Amino acid sequence: MSVAGNELFELSRGVLDVASRKVSLIEDITRRTKMLAMNALIEASRAGDAGRGFAVVANEVSEISKQVNTITKELRSEIVSRVDHLTTTGSAMVQEMHGRRLADLSLNMIEIIDRNLYERSCDVRWWATDSAVVDCAADPTEVNRQHASHRLSVILESYTVYLDLWIADLKGEVIATGRPGRYPGAQGARVGDEGWFRQALATRNGGEFTVGDVSRNGRLEDRVVATYATAIRRGGEADGDPIGVLGIFFDWEPQAAAVVQGVRLEDEERSRSRCLLLDARHRVIASSDGRGILSETVQLRRSGESMGHYSDAAGRTYGYALTPGYETYKGLGWYGVIVQDPDPRQQQTPGPATAGMNGRVGMNGAGLHG
């Protein structure tokens, strides 16, 4: 619940309380006036003919008291109804604005990831044309392998978002890596059956690339990676024949964590919010609380929109946005999602919107929920 929502709720409740007190005062005055009229009639009756004119006035006062009492009851009922409507309408408006805000934050989250991954797609296509990489794939002598490994290590020193870079030959054997000392199991590994390798070989030219699902890589200490790959082509030319594959392994977890944990939520709502990135299968690939990564699935209630929000039966609000892509990076069908629990400050005990004998009026349970 936003500050504006809380203020609207408090204002509505304050208006009802003030109106209730004033109506109660009017009712009290009306009761006293009615009692005075009754006493006047009694005294007029005792006075006989001399009090007959006074009796007419007393009856008129009594009738006016009845009319005021009727108007007061109608006023009380109408005030309660109007304030309840104001509260309900305000609640819906605040809920709509709040849901849109979560959807906007979700869009911002997935756009940051898209821009980051667009750079990864540029990296893999660029580095596949590096002369050391091309020479290693074309003629994998020990000298060429060592030179390519050194070149990859230099790249990794500057591009710290990667765990490793691999060059594989056409048979799928890794013939050079950027960090052979850190990841010895990668050198000589057979990756011919892995999706990223097969898809990279199937690219039509040097402008194309492939992306594997975010997953754990056992040869990289079981770290979670996003794998980008493209074919290494003869002469480094965009239309050259494939002579190998370059695979680059983006260190996914810390980069994604920085995005989902950096969403600009208010301090109060951060503890009851969960910011997520979902892949095309709605599998959690990043979570602000660190839970469910690669093991949890979140089924969104979408109605065909690429961006929206809704609340579930438990009062949780979901804001979501489908990846829009960035530049030549079309996106992978991923979602940014924020799941937010209700604001405990807005949980009310429902009660009837009626006035008790003491003149205090209760809300009818129409409250604002975050």
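A polar contact is taken here as a pair of N or O atoms within 3.5 Å; within protein, one atom must be able to donate a hydrogen and the other to accept it, and residues adjacent in sequence count only if both atoms are side-chain atoms. Helices (H or I, at least four residues) and strands (E, at least two) are DSSP runs, numbered from the N terminus. The model is a predicted one, where local features need pLDDT of at least 70 and side-chain atom pairs count only at pLDDT 80 or more, while totals for chains, interfaces and linings use all residues. Residues are numbered from 1 along each chain as its sequence is written, and side-chain values use heavy atoms, with hydrogens and water left out.

Helix H3 makes a handy starting point. Asp130 caps its N-terminal end, with a side-chain oxygen sitting 2.9 Å from the backbone nitrogen of Ala132. H3 covers residues 131–138, and its buried residues are Ala132, Val133, Val134, Cys136 and Ala137. Buried here means under 20% relative accessible area, exposed means over 50%, and partly exposed is anything in between (1.4 Å probe, protein chains only). Then there is His147, which belongs to helix H4 (residues 142–158) and counts as partly exposed because its relative accessibility is 46%. His147 and Asp135 are twelve residues apart in sequence, and their C-alpha atoms are 9.3 Å apart in space.

On the surface, Ile26, Ile64 and Val68 come together as a nonpolar patch with about 210 Å² of accessible area between them. Patches are built from residues with over 30% relative accessible area and no salt bridge, joining like charges within 9 Å and nonpolar side chains (Val, Leu, Ile, Met, Phe, Trp, Tyr) within 5 Å; the areas come from the Shrake-Rupley method with a 1.4 Å probe, and for residues only the protein chains shown count as cover. Ile26 sits in helix H1 (residues 3–47) and, at 36% relative accessibility, is partly exposed.

Now for the strands. Five of them form an open sheet in the order E8-E7-E11-E10-E9, paired antiparallel. Strands E8 (284–287) and E9 (307–311) stand at the edges with a single partner strand each, so one side of each has no neighbour in the sheet. From one strand to the next, the twist averages 20° (axes are lines fitted to C-alpha atoms, for helices over the stretch in contact, and angles run from 0 to 180 degrees between N-to-C directions). Two strands are said to pair if DSSP finds at least two bridges between them. E10 (residues 317–322) and E11 (residues 335–340) pair in the antiparallel sense over six bridges, and Gly319 has Ile338 of E11 as its bridge partner. Gln340, also in E11, is buried, with a relative accessible area of 0%. The Gln340 side chain makes polar contacts with the side chains of His98 at 2.5 Å and Ser273 at 2.7 Å.

Elsewhere, strands E1 (residues 162–168) and E2 (residues 174–177) run antiparallel and are joined by three bridges; Ile167 has Ala176 of E2 as its bridge partner. Five residues lie between the strands of this hairpin, where Gly172 takes a positive phi near 95°. Leu294, with phi near 70°, is placed in the loop between E8 and E9.

The structure holds 17 salt bridges, each defined as a side-chain nitrogen of Lys or Arg within 4 Å of a carboxyl oxygen of Asp or Glu. In one of them, the side chains of Arg100 and Glu96 meet at 2.8 Å, N to O. These two are four residues apart in helix H2 (residues 52–127), so about one helical turn separates them. Arg100 is exposed at 52% relative accessible area, whereas Glu96 is partly exposed at 32%. Arg101 and Glu269 also form a salt bridge, at 2.5 Å from N to O. This pair links distant parts of the chain, with Arg101 in H2 and Glu269 in helix H7 (residues 267–270), 168 residues apart. Arg101 is partly exposed at 25%, while Glu269 is buried at 2%. Another salt bridge joins Arg283 to Asp279, with the closest N and O atoms 2.8 Å apart, and both residues are buried.
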